[in-house]
Amino acid sequence: MKTLREYYAEMGLSESQVLTLNQELSIEGLAGLTDFVHEKRLRSLNQAKGDAWGHGPDMDGESIASEVQKSHMNMSMWKRTLSPVYKVKGFTIGAVRPGKEAAIDYKNINHYKHCTCHSCKSGKRVMGVNNPHDMFPYVAKKDVLISVRRRYLKSGKVKVTPWTFEHLFSLIEKAYSSYEKLLALELLGSIMVRIAFMLDHEEDEEGILRLHLPKIATEEMVGRLPKLGEGKWAIPIEAVIYFLDILGYNEDIKVDVCGYRNLVREYARGTKNQDNGRTNTLLTISHMLAAVLHRRPIGEFAYGLHRGMGMNAMSKGQIPPAYPLLYSNLEDWLDREITELGWSPQI
Ligand SMILES: [Zn+2]
């Protein structure tokens, strides 16, 4: 049997490195985080809905889809408005608008059954509308769209599909190619938990909230796993993280429009701050990583994903045992056996 201390030593970390990473990543008061970060998430939602990232011209669904299909190798041809947000190692990560749900002819948005907007409350549930703030998160290199899967058909045509959860999951899963990559994936999962709660977002000089990746953990992760994907389409792991951050902004927009207005749910007895949107989506990614690492049961993850229609966020109680560097009292855990944390004994 192996203790957590022995596991980190096997990963090539000295005791002081473990403590330094823990100091940078640890989360105080995880249980109360939803309320604690609510105001910041609300600011980020309003930033994303506002004009900092242009909404672009009115377009129909077909013109939006054809831009991706036809001009994926040259985004300078796009009519839509590109708002670059992050740059790393020659890659640009940002938001394009309008996203497909913002097309003028898009009609698939239905307000939730529990929505309490004026119309839904009065018995006319809002159905068949669009999401005017929807955006298309992207990664590009020069003008080439990178955040897509390209499939080369026998006919010589290329079928281009924007990244889905499935693509992202397989990019990450394929990265688990050797024992040494374990720690890189653990750091990625730990960083994603922090981004889910916007713990590393700060306002820049223009008042725009931006993600500043935790330095030491990112450096350690990149040293072990610099890129995801293969060959000429490989991308820096930081670019994938920034992409997920932009996705997080858009996830908040999606739930806001459907009835978790301002990231709260209204109950008869008052309103309650919600994790829906960014937090749940990014905690689903962390959950998937924890399953890949054999720290969460794969069956439980898969079944929950099905039940949650594509969402299965880790609960706050599940987070630190899977990502111990987030513990605010790591030293109490270092001499425990990893099986006590729910990890598979083979690790
Ligand atoms: Zn409504």
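Which residues is Met192 in contact with, leaving aside its neighbours within four places in sequence? Select Met192 and look around its side chain: its contacts are Leu244, Leu282, Ile285 and Ser286. Two residues count as being in contact if their C-beta atoms, placed from the backbone, lie within 7 Å.

**Before continuing**

This is a predicted model, in which local features need pLDDT of at least 70 and side-chain atom pairs count only at pLDDT 80 or more, while totals for chains, interfaces and linings use all residues. Residues are numbered from 1 along each chain as its sequence is written.

**The whole chain**

Display the complete protein chain, which holds 13 helices and 12 strands. Helices (H or I, at least four residues) and strands (E, at least two) are DSSP runs, numbered from the N terminus. The C-alpha trace spans about 60 × 60 × 45 Å along its principal axes. For 347 residues, a compact globule would have a radius of gyration near 20 Å, and the 21 Å of this chain agrees with that. The radius is taken over C-alpha atoms, and the globule rule is 2.2 Å times the number of residues to the power 0.38.

Buried residues make up 38% of the 347 residues. A residue is buried if 20 or more other C-beta atoms lie within 10 Å of its own, exposed if 12 or fewer, and partly exposed in between, with C-beta atoms placed from the backbone. Among the contacts with a separation of 6 or more, 68% come from residues 24 or more positions apart.

**The nonpolar cores**

Next, select Leu188, Met192, Phe243 and Leu244. Of the 76 residues in the largest nonpolar core, these four touch the most other members. Helix 10 (residues 237-258) gives the most to this core, with 13 residues. A second, separate core has 5 residues, including Met59, Ile64, Ala103 and Tyr106. A nonpolar core is a set of buried Ala, Val, Leu, Ile, Met, Phe, Trp, Tyr and Cys residues joined through C-beta atoms within 7 Å. In soluble globular proteins, nonpolar side chains tend to be buried together.

**Helix 10 and helix 11**

Axes are lines fitted to C-alpha atoms, for helices over the stretch in contact, and angles run from 0 to 180 degrees between N-to-C directions. Where the helices meet, Leu244, Leu247, Gly248, Tyr249, Glu251 and Asp252 of helix 10 face Arg278, Thr281, Leu282 and Ile285 of helix 11.

Now select strands 1 to 4. They form an open sheet in the order 1-2-3-4, with antiparallel pairing. Its edge strands are strand 1 and strand 4 (144-145), each of which pairs on one side only. Helix 10 packs on the sheet, touching strand 1, strand 2 and strand 3 (136-141), and its direction makes about 20° with that of strand 2. Two strands pair if DSSP finds at least two bridges between them.

Strand 1 (residues 81-88) and strand 2 (residues 91-97) are joined by 7 bridges. Thr81 stands opposite Arg97, and Tyr86 stands opposite Ile93. These strands form a hairpin with 2 residues between them, and Lys89 in the turn has a positive phi of about 50°. On to strand 3: 6 bridges join it to strand 2, and Pro137 is the bridge partner of Ala95.

Follow strand 2 to Pro98, in the loop between strand 2 and helix 6 (118-121). A cis peptide bond joins Arg97 and Pro98, with omega about 0°.

Move to the loop between helix 10 and strand 11 (264-267), where Asn262 is located. Asn262 has a positive phi of about 55° although it is not a glycine. Most residues other than glycine have a negative phi, and most peptide bonds are trans.

Finally, select Phe197, in the loop between helix 8 (181-196) and strand 7 (201-203). Phe197 is buried, with 22 other C-beta atoms within 10 Å, and touches Leu33, Val37 and Thr279, not counting residues up to four places away in sequence.
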